[in-house]
Amino acid sequence: MKKLTAVFLACATSLLAACGQGDDPAPQAGAPAAQKIVVGLDDNFPPMGFRDESNQLVGFDIDMAREAARRMGIEVEFKPIDWSAKEAELNGKRVDALWNGLTITEERKKNIAFTAPYMANHQIILVAQASPVQAKADLAGRVVGAQDGSSAVDAIKKDTQVAASLKGLKLFGDNVTALMDLSAGRLDAVVVDEVVGRYLASKREGQYRVLDENFGTEDYGVGVRKDDTELLARLDQTLDAMKKDGSAARIAQQWFGADIIK
């Protein structure tokens, strides 16, 4: 995958003007006709990115990425990846960006360059409706599930007292499978991003309960390779414009029923 460099520099002035008008930007004369960004994602991560009944990729981050690419005058391709290997996929140049509820952490900053945050999130604890678990302290001696490679795992381990008290931490390829194990009684709780957990719980009304306590607040950002400075700058500019003109808020309203843009 070729880096998106010259096209961003060549088109910067005209694209910014076009973005302010909300029109599709016209490419600069002599710029390559087909420029593309490949976005890596977990395609089983509703409502951020997942497949609908027709097997089409949909979701909040899908809509955000499509709008950003439209404004930047480039094509976007979505590539499902093993989320636990996301940094290898990015730095191996099999994808150009990670855009799928990616939490900004100091550890990840060592290998990934992040845009400014576009959403705040919590790591919530989901339990079965009839579970006796009411607080984090009640997780002692119990089995907790989380998605492998997710920030939920980091959040649990960061709370050393709770982590040490667990009977086990079971990792899953995706949150949907983890919740299936919770429903089947093979788990006592699942730790998951709030935007994802509440969405999934709403689809199974009465099955799950969200604890008042959580494992902390974090920010979502788009991740790119550290040497893709032009791409990072263009994404930051475009996301900022989407926040200011209200288009990001409109996308959030469609998926969450509220403006949760940061």
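## A guided tour of the predicted model

Residues are numbered from 1 along each chain as its sequence is written, and side-chain values use heavy atoms, with hydrogens and water left out.

Colour by secondary structure, and the protein chain shows ten helices and 13 strands; these are DSSP runs numbered from the N terminus, helices being H or I with at least four residues and strands being E with at least two. Of the 262 residues in the protein chain, 48% are buried, where buried means under 20% relative accessible area, exposed means over 50% and partly exposed lies in between, with a 1.4 Å probe and protein chains only.

**The cores**

Select Met-48, Phe-60, Met-64, Trp-99, Tyr-118 and Leu-126, which have the most contacts inside the largest nonpolar core, a set of 50 residues. A nonpolar core here is a set of buried Ala, Val, Leu, Ile, Met, Phe, Trp, Tyr and Cys residues joined through side-chain atoms within 4.5 Å. Helix 2, residues 60-72, gives the most to this core, contributing seven residues. Apart from it lies another core, of 16 residues, which includes Ala-146, Ala-152, Val-162 and Ala-189.

Now centre on Met-48, whose contacts beyond four places in sequence include Phe-60, Ile-62, Asn-100, Met-119, Val-195, Tyr-220 and Phe-256.

Next, display the open sheet of five strands, which has the order 10-9-11-8-12 and mixed pairing; two strands pair if DSSP finds at least two bridges between them. Strand 10 (168-172) and strand 12 (208-220) stand at the edges with a single partner strand each, so one side of each has no neighbour in the sheet. On average, and with direction ignored, neighbouring strands of this sheet are turned by 25° against each other.

Select strand 11 (residues 189-193) together with strand 9 (residues 143-147), and you will find that they run parallel and are joined by two bridges. Val-144 stands opposite Ala-189, while the bridge partner of Gly-145 is Val-190. Strand 8 and strand 11 run antiparallel and are joined by four bridges, with Leu-126 standing opposite Val-190. Five of the five residues of strand 11 are buried, so this strand is largely enclosed by the rest of the structure.

**A loop residue**

Move to Lys-167, in the loop between helix 6 (160-165) and strand 10. Is Lys-167 buried or exposed? Lys-167 is exposed, with a relative accessible area of 68%. Its contacts, leaving aside neighbours within four places in sequence, are Gly-141, Arg-142 and Val-143. Lys-167 and Ala-140 are 27 residues apart in sequence, and their C-alpha atoms are 7.0 Å apart in space.

Select helix 9 (residues 229-244), where the buried residues are Leu-231, Leu-232, Arg-234, Leu-235, Thr-238, Leu-239 and Met-242. Looking down the axis of helix 9, you will see these buried residues fall within an arc of 165°, so they line one face of the helix; the arc is that of the directions from the helix axis to the C-beta atoms. Just after helix 9, Gly-246 takes a positive phi of about 90°.

Continue to helix 10 (residues 247-256), in which Ser-247, Ala-248, Ala-249, Ile-251 and Ala-252 are buried, and whose buried residues pack against helix 2 and helix 9. Just after helix 10, Gly-257 takes a positive phi of about 70°.

Finish at Ala-258, in the segment after helix 10. Ala-258 is partly exposed, with a relative accessible area of 29%, and touches Ala-252 and Gln-253, not counting residues up to four places away in sequence.

Note on methods:
This is a predicted model: local features need pLDDT of at least 70, side-chain atom pairs count only at pLDDT 80 or more; totals for chains, interfaces and linings use all residues. Contact means heavy atoms within 4.5 Å. Axes are lines fitted to C-alpha atoms, for helices over the stretch in contact, and angles run from 0 to 180 degrees between N-to-C directions.
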